Amino acid sequence: MAQIAGRAGRHIKDGTFGTTADCMPIDEETAALIEDHQFDAVTALQWRSNALEFSSLPALLNSLERKPPRQELVRCRTDEDEEALRKITHFEDIRALASGGGAALRLLWDVCQTPDFRNISPDQHAAMLAEIYRQLIARGRIGETWLAPRIERLNRTDGDVDTLSARIAHVRTWTYLTHKSGWLEQSAYWQEKARAIEDALSDALHQALTARFVDRRTTALLASLKKEDALVTDLTPEGDVTVEGHIVGRLKGLTF
């Protein structure tokens with residue numbers, strides 16, 4: 001809540017506290033704490049060892065599970081990369097490829113650190129990472145014939161807000177991979193391709209969100225018209241016309 005207040009510029013100008021929708025009112029004590037920048041003391045920090053062992057897969061897993069060296073540190077929850085490592089090593093061939101440790105195991109850990117922007121199931125994410133690792137071990141690169149259709153299928157701007165948001169999340173995974181040094185033959189081309197698709201999807205999402213807002217505004221106004229009470233209208237000095245709190249147009253001279 002203090003961060004929200006800071007975003008609103010309250011560190012340079014006093015304002016008031018209010019809530020939206022069905023949120024409970026902010027009590028005076030909380031407001032005072034935010035104004036005075038007083039917060040509960042932090043008594044512990046989450047921690048994970050960065051001294052990783054790459055001599056073997058069991059050694060790597062053990063180093064990730066290492067206990068904190070101080071009582072003020074708390075072992076952090078299992079993160080996505082560690083979970084991906086455990087999932088991907090369920091594949092027998094992946095275990096065999098990384099069994100010797102060294103560079104092959106370091107590459108596997110690097111692959112497992114690919115973020116799951118798509119927010120799919122851990123098993124699906126691990127399956128994709130396994131295929132990427134196999135290609136990197138076999139040929140030193142991610143095959144462009146494998147990558148191209150997966151990026152191209154996202155190059156469409158039809159669909160509702162949820163569909164467009166999902167495509168943006170998917171393309172960000174590929175954007176991440178195109179920026180990994182040496183993982184693609186034509187990395188600059190694929191970076192530009194992924195960025196162009198994400199930009200187009202972002203524009204389409206903006207339009208869809210605008211349309212959704214306009215639809216809701218129209219619905220609210222139509223519902224108001226059915227009431228017997230007079231509509232609450234207002235005209236600002238700038239000429240904006242509002243009805244029931246919704247901007248419906250602007251007056252310029254005698255033109256609406």
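Modeller: Happy to. Let me begin with the term we need for the packing: two residues are in contact when they have heavy atoms within 4.5 Å. Please keep in mind that this is a predicted model.

With that in hand, look at H6 (102–112) and H7 (122–139). From H6, the residues Ala 104, Leu 105, Leu 107, Leu 108, Val 111 and Cys 112 meet Leu 129, Ile 132, Tyr 133, Leu 136 and Ile 137 of H7. By class, that contact has 11 nonpolar residues, with no polar and no charged ones. The axes of H6 and H7 come within 10 Å and cross at roughly 145°, and the crossing is right-handed.

In the loop between H6 and H7 sits Asn 119. Its phi is positive, about 55°, although Asn 119 is not a glycine. Most residues other than glycine have a negative phi. Asn 119 has a relative accessible area of 67%, so it counts as exposed, the cut-off being over 50%.

H7 also packs against H4 (residues 80–88), where the axes come within 9 Å and cross at roughly 75°. Angles of 65 to 115 degrees count as roughly perpendicular, so H4 and H7 are described that way. On the H4 side the contact is made by Glu 83, Ala 84, Lys 87 and Ile 88, and on the H7 side by Pro 122, Asp 123, His 125, Ala 126, Leu 129 and Ala 130. Here the classes are 6 nonpolar, 1 polar and 3 charged residues. Leu 129 of H7 is listed in this contact, and Leu 129 is also listed in the contact with H6.

Now for the core. The largest nonpolar core holds 42 residues, and Leu 85, Leu 108, Ile 132 and Trp 174 touch the most other members. Leu 108 of H6 and Ile 132 of H7 also belong to the contact between those two helices. The elements giving two or more residues to the core are H3 (57–64), H4, H5 (92–98), H6, H7, H8 (144–152), H9 (161–178) and H10 (187–225). H10 gives the largest share, 7 residues.

Finally, zoom in on Leu 85. Leaving out residues up to four places away in sequence, Leu 85 touches Leu 57, Leu 60, Leu 61, Leu 64, Leu 108, Trp 109 and Cys 112. In soluble globular proteins, nonpolar side chains tend to be buried together.

Conventions. Residues are numbered from 1 along each chain as its sequence is written. This is a predicted model: local features need pLDDT of at least 70, side-chain atom pairs count only at pLDDT 80 or more; totals for chains, interfaces and linings use all residues. Side-chain values use heavy atoms; hydrogens and water are left out. Helices (H or I, at least four residues) and strands (E, at least two) are DSSP runs, numbered from the N terminus. Buried means under 20% relative accessible area, exposed over 50%, partly exposed in between (1.4 Å probe, protein chains only). Axes are lines fitted to C-alpha atoms, for helices over the stretch in contact, and angles run from 0 to 180 degrees between N-to-C directions. Angles under 35 degrees count as roughly parallel, over 145 as roughly antiparallel, 65 to 115 as roughly perpendicular and the rest as oblique. Ala, Val, Leu, Ile, Met, Phe, Trp, Tyr, Cys and Pro count as nonpolar, Asp, Glu, Lys and Arg as charged, and the others, Gly among them, as polar. A crossing is left-handed if the near helix is turned anticlockwise from the far one by less than a right angle, and right-handed if clockwise. A nonpolar core is a set of buried Ala, Val, Leu, Ile, Met, Phe, Trp, Tyr and Cys residues joined through side-chain atoms within 4.5 Å.
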